[in-house]
Amino acid sequence: MVVWVFKTSTASSISGGLMNDSLIFQETPDLVNPYILIGYRGWLNAGEMATGSIDFLRLKLHARKFASIDSRPFYIWQVPGFDSAQVMRPNAVVEGGLIKSLEEPANEFFFWKSGAEHDLILFTGFEPNVAWPEYTAAILSVAKHYKACRIYVLGGVFDQVPHTREINVYAVLSRPEMKSEFQSFPLLNYKGPSSFSTLFVHHAGREGIEAASIVARVPPYIHTFNAKIGYDFLKKVFALTSLNIDLSDLKKSGDAVNKLMENDFRQNMDALAQLRQLEQIYDASLLQEYSDHPEVKIDELMQEMQSMKKDGQKPH
């Protein structure tokens, strides 16, 4: 396999203008006005909602890797006190005293040709520790080269929501004219430290690129990708596109997972009581901030879920 590394110092590029120091290409496929979906490990990946969604689509569509970002400029491999999700040490496999592999954090682009008016690029990686603008520029370089019609940055945050209800999401947009398409989405109002997704969407807007950060509110007791929540989330995302991707297999898996979770809760009456209370308060406060309801005993529910884990059960 031939790997091309395109450098900005060159006068021109084999890829026809695709020039960024950090990009490494295996191939440059011909794509038609693709959408780009991004999911990265890091701050906005509660319940593995971002990376799990991309992994599901990558495997389902047999999407093919075509490029990656050189990770070395963007990570501090170990900083004392960092959350485990932010530790970027290389992953080693040692067998019989011999090092079989040593892998650095991977940031990879995959493509899928739909055969219709829009193809699809999937990007999965790790939230950078440093040089956010430069990392953003690498992704936007791909978007501009392929004339991407829109970028969706997927995410998840833990919130006081039950898994028994269809998920809520919120959005942050790069351009005001996009608001008409997002009338059914709560648009975020916020002041404070920025996430990488917010910075990315802001930079996309400055480049004239349509981008949206779409973040799912995830139950605090679900820490791995949940097929039911993933189906609800991707259904909302794809409703904003013209892509025709069958999610029935994910829905089927989600229904099965939901039944397993119902059985887990029936075996723990304390957890079930907390879940029912959470459902009641959630249903009554759909138009309000959940923090207005301090009586939601999320800590107690989390303790019960941890007890279920210790007893060998998994809250799926």
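## Packing of helix 4 and helix 5

In this predicted model, helix 4 (residues 227-238) packs against helix 5 (residues 248-266) at an angle of about 140°, and their axes lie 7 Å apart. Helices here are DSSP runs of H or I with at least four residues, strands are runs of E with at least two, and both are numbered from the N terminus. Axes are lines fitted to C-alpha atoms, for helices over the stretch in contact, with angles from 0 to 180 degrees between N-to-C directions. Helix 4 and helix 5 are therefore oblique to each other (under 35 degrees is roughly parallel, over 145 roughly antiparallel, 65 to 115 roughly perpendicular, and the rest oblique).

Ala227, Lys228, Gly230, Tyr231 and Leu234 of helix 4 meet Leu250, Lys251, Ser253, Gly254 and Asn258 of helix 5, where contact means heavy atoms within 4.5 Å. Four residues of this contact are nonpolar, four are polar and two are charged.

## Two loop residues with positive phi

Histidine 62 is in the loop between helix 1 (49-60) and strand 4 (64-69). Its phi is positive, about 55°, although histidine 62 is not a glycine. With 69% relative accessibility, histidine 62 counts as exposed (over 50% relative accessible area; buried is under 20%, partly exposed in between, with a 1.4 Å probe and protein chains only).

Lysine 147 is in the loop between helix 2 (132-145) and strand 9 (150-158). Lysine 147 also has a positive phi, near 55°, and is exposed at a relative accessible area of 59%.

## Basis of the values

Residues are numbered from 1 along each chain as its sequence is written. Local features need pLDDT of at least 70, side-chain atom pairs count only at pLDDT 80 or more, and totals for chains, interfaces and linings use all residues, while side-chain values use heavy atoms, without hydrogens and water.

Terms used:
Nonpolar A, V, L, I, M, F, W, Y, C, P; charged D, E, K, R; others polar.
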